[in-house]
Amino acid sequence: MFLVVRLLIIALVGAVAGLGSTWWALESGLFDTAPRIGPWRLQAGGPGTSANPYQIAEDARAGRIGLGPAEGIAVVATTDSAGTPLDPLCHYAVAGPIPSAELWTLAVTDEAGRLPSNPAGRTGFTSRDAVREADGTLAVVVGRTVRPGNFVPTGRLGSIVLTLRLYGSGLAARLPGPDRLPAIRLLHCGGGRGR
Amino acid sequence: MTGHLVRSLIAGLLVAGIVHVLAILTIPSAAPNDATARVLAVARPGVVALIPSDGSVLADLDPYFLHAACAFDLTGGTTTTLAGALPDEVWTIAVVSRAGGMVASFEQDAAPNGTVSLAVGMADAVERLRLAGTLPADGFTVEAPAGPGFVLVRVAAADIESRPRIRAALQALTCAQAARPSGVRPLAPLPPLPEEEPEPRPAFPLPVPAPR
């Protein structure tokens, strides 16, 4: 009788703790070893291109197809450069240099990948329509109320995720450093004009 | 009694560790909703299907691109060929296999004239295609493991006005599935080897060197 109870305890603890820890490890991103470049996190380049089994499992679960080595790289930011999570009630400036690429796109979404809805249909910028500063750097403002210049209205998004995709075959082999990607700076929180 | 319980809990945690590792390693092949399953839900093998960028099929697609998928299933040695002309925009192609992950990727410089011919198959099927000489000279071949997968074509469509033209170009791509190639052209016979003069064999017994 005792043996049966002990086997049941072992099986129960093994199943619950084993599967629970699997779910928790994937949900929390505890074993996320993707390279960080400033506030940007390098998105895995397609299924099978990462050596991290947790990343492979998470990509399979999410049905995610990153950019392959010949396609380019994608970097994702959910925090500003100070490490504070991006708040949909705040305005942020995405400003700084950007590596040369065949094409780059900056998309604003929420955590579920939904694009902001606005009459202008503005969901981000690309290298073709963003107005550069005089020194060639990029300056985009993201927030709820309109700002002059390159501005992406976030509307009613409940969270903010910035995804910068750089297309070109050599980028995956030579990752840009943090000084070659734009920084994300908090401008103001709330509905005021801010700084 | 308490000692038995503690030992059972420790054994349970050890089993949990094994379950954890097995689950993590099994998820990529057993996930019912991985990228290949999502594409196969909207595209039949051998047919080009447009994939919306809103995340309803595949997660994290670029909203400034239009996407098309050519699904394949290499079981049984079939080959699938994606062919057609792509617009003069930035475009990339990724070949994704459920068993092998992203097995190949290309960018527009790989086809300077904008015409793509990409054959995907298992290693022996691709080799048979090469031997049969049916591939275009500037085409690509990709070897992938057996099982389902898809070719994902991404074309930049940042301008709203350009989208109908790009969408039409993607729909005009062909995604043809072919049975295991069998009509392999026989190899040409090798030319006869030139007959060589046999080297004269040394006479026996060998001459004994004279003593010093």
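Strands β5(A) and β6(A) run antiparallel and are joined by three bridges, two strands counting as paired if DSSP finds at least two bridges between them. Within this pairing, A:Leu106 stands opposite A:Phe125 of β6(A). Helices (H or I, at least four residues) and strands (E, at least two) are DSSP runs, numbered from the N terminus.

The model is predicted: local features need pLDDT of at least 70, side-chain atom pairs count only at pLDDT 80 or more, and totals for chains, interfaces and linings use all residues. Residues are numbered from 1 along each chain as its sequence is written, while chains are lettered from A and ligands numbered from 1 in the order in which they are written.

## Chain A

The secondary structure of chain A comes to two helices and 10 strands. In order from the N terminus, these elements run α-β-β-α-β-β-β-β-β-β-β-β. Chain A has a radius of gyration of 20 Å, well over the 16 Å that the globule rule gives for 195 residues, so it is more spread out than a compact globule. Here the radius is taken over C-alpha atoms, and the globule rule is 2.2 Å times the number of residues to the power 0.38. The C-alpha trace of chain A spans about 80 × 40 × 30 Å along its principal axes.

Of the 195 residues of chain A, 39% count as buried. A residue is buried if 20 or more other C-beta atoms lie within 10 Å of its own, exposed if 12 or fewer, and partly exposed in between, with C-beta atoms placed from the backbone. Among the contacts in chain A with a separation of 6 or more, 67% are accounted for by residues 24 or more positions apart; two residues are in contact if their C-beta atoms, placed from the backbone, lie within 7 Å.

Strands β5(A) and β6(A) belong to an open sheet of six strands in the order β1-β2-β3-β9-β5-β6, with antiparallel pairing. Its edge strands, each pairing on one side only, are β1 (36-37) and β6 (124-126) of chain A. Another open sheet of chain A has four strands in the order β8-β7-β4-β10, and its pairing is mixed. The edge strands there are β8 (150-153) and β10 (183-189) of chain A, each of which pairs on one side only. Strand β7 (residues 138-143) of chain A runs parallel to β8(A), with four bridges joining them. One bridge pair places A:Val142 with A:Val152 of β8(A).

A:Leu186 lies in strand β10 of chain A. A:Leu186 is partly exposed, with 17 other C-beta atoms within 10 Å. Leaving aside residues up to four places away in sequence, A:Leu186 touches A:Asp80, A:Thr84, A:Cys90 and A:Tyr92. The C-alpha atoms of A:Leu186 and A:Asp80 are separated by 6.9 Å, although the two residues are 106 residues apart along the chain.

## Chain B

Eight of the nine residues of β8(B) are buried, so this strand is largely enclosed by the rest of the structure.

In helix α4 (residues 163-171) of chain B, the residues B:Ile166, B:Ala169 and B:Leu170 are buried. Seen down the axis of α4(B), the buried residues fall within an arc of 100°, so they line one face of the helix; the arc is that of the directions from the helix axis to the C-beta atoms. B:Pro164, B:Ala168 and B:Gln171 are exposed on the other side of α4(B). The packing partners of the buried residues of α4(B) are β1 (48-51), β2 (65-73), β3 (79-85) and β8 (148-156) of chain B.

B:Pro112 occupies the loop between β5 (101-107) and β6 (115-121) of chain B. B:Pro112 is exposed, with 8 other C-beta atoms within 10 Å.

## Contact between the chains

The contact takes 44 residues from chain A and 41 residues from chain B. On the side of chain A that touches chain B, the elements giving two or more residues are α1 (2-28), α2 (53-62), β5 (103-109) and β9 (161-167) of chain A. Of these, α1(A) gives the most, with 13 residues. This side of chain A divides into 22 nonpolar, 14 polar and eight charged residues. Ala, Val, Leu, Ile, Met, Phe, Trp, Tyr, Cys and Pro count as nonpolar, Asp, Glu, Lys and Arg as charged, and the others, Gly among them, as polar.
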